[in-house]
Amino acid sequence: MSNDQASLERIAEALLGLFDVTSPPVPIEYMLQHPRENMWEVVDISLVSGSFMNMNVPYKPRMSLTRVLARLIAGSEWGKAMQVSPLTSDPDAISRLARAIVMPHQMLMTLPPSARNAKAISEHFEVPISEAESRLHEVGKLK
């Protein structure tokens, strides 16, 4: 696993700890609307443009909101303290951070081996199957 991916995993774990998230699905909307100290301004979800969200793919809007959250983290004082900004120079880093937040490594590892497939993860974590597939690839690198 690259150091960047390890850092993204650490950041996601710290974020989930701040919000006391212990089981899926990760409450992305709540997190956007209830930031902790030195984070982003409260996000009014009703004002987020739906134009970038593909409603034809299950859970695609939720993943889009998770990427919004990842961008807000990168620009926040908390994110700067966690050294998120340097990682976002990689164009895929925001997407990888978003996947680490919404499908945390520790939660994936609590699934029985029979549920560690893209379809089951998609349903369990409420993410598109394509994102679950990408996350499985990333987690495979963590082992």
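Begin by selecting Glu131, which in this predicted model is buried, as its relative accessible area is 11%. Display its side chain together with that of Arg67: the two form a salt bridge, with N and O 3.3 Å apart. This pair connects distant parts of the chain, since Arg67 belongs to helix α3 and Glu131 to helix α8, 64 residues apart. Arg67 is likewise buried, at a relative accessible area of 15%.

The whole structure contains eight salt bridges.

For another of these pairs, move to helix α4 (residues 77-81), where Lys80 and Glu77 lie three residues apart, about one turn of the helix. Their closest N and O atoms are 3.7 Å apart, and they form a salt bridge. Are these two residues buried or partly exposed? Lys80 is partly exposed at 47% relative accessibility, and Glu77 is partly exposed at 49%.

Now colour helix α3 (60-75). Its buried residues are Arg62, Met63, Ser64, Leu65, Thr66, Arg67, Leu69, Ala70, Ile73 and Ala74.

The largest nonpolar core comprises 41 residues, and Leu15, Ile28, Leu69 and Ile101 have the most contacts inside it. Helices α1, α2, α3, α5, α6, α7 and α8 each contribute at least two residues to this core. Centre the view on Ile28: beyond its neighbours within four places in sequence, it contacts Arg62, Leu65, Thr66, Leu69, Ile101 and Val102.

Proceed to helix α7 (118-125). At its start, a side-chain oxygen of Asn117 comes within 3.2 Å of the backbone nitrogen of Lys119. Which residues of α7 are buried? They are Ala118, Ile121, Ser122 and Phe125. Viewed down the helix axis, the buried residues of α7 fall within an arc of 105°, so they line one face.

Select Ser122, whose relative accessible area is 7%. Its side chain reaches the backbone oxygen of Val127 at 2.5 Å. Apart from residues up to four places away in sequence, Ser122 touches Tyr59, Val127, Pro128, Ile129 and Ala132.

The final stops concern the backbone. Most residues other than glycine have a negative phi, and most peptide bonds are trans. Just after α7, Glu126 has a positive phi of about 60°; this residue is partly exposed, with a relative accessible area of 29%. Asn38, in the loop between α2 and α3, also has a positive phi, near 65°. Finally, select Pro24 and Pro25: the peptide bond between them is cis, with omega near -5°. Pro25 lies in the loop between α1 (3-18) and α2 (28-33).

How values were computed. Residues numbered from 1 in each chain as written. Predicted model: local features only at pLDDT ≥ 70, side-chain atom pairs only at ≥ 80, totals over all residues. Heavy atoms only, no water. Helix = DSSP H or I, 4+ residues; strand = E, 2+ residues; numbered from the N terminus. Buried < 20%, exposed > 50% of the residue type's maximum accessible area, 1.4 Å probe, protein only. Polar contact = N/O pair within 3.5 Å; in protein donor to acceptor, adjacent residues only side chain to side chain. Contact = heavy atoms within 4.5 Å. Core = buried A, V, L, I, M, F, W, Y, C linked by side-chain atoms within 4.5 Å. Arc of directions from axis to C-beta. Salt bridge = Lys/Arg side-chain N within 4 Å of Asp/Glu carboxyl O.
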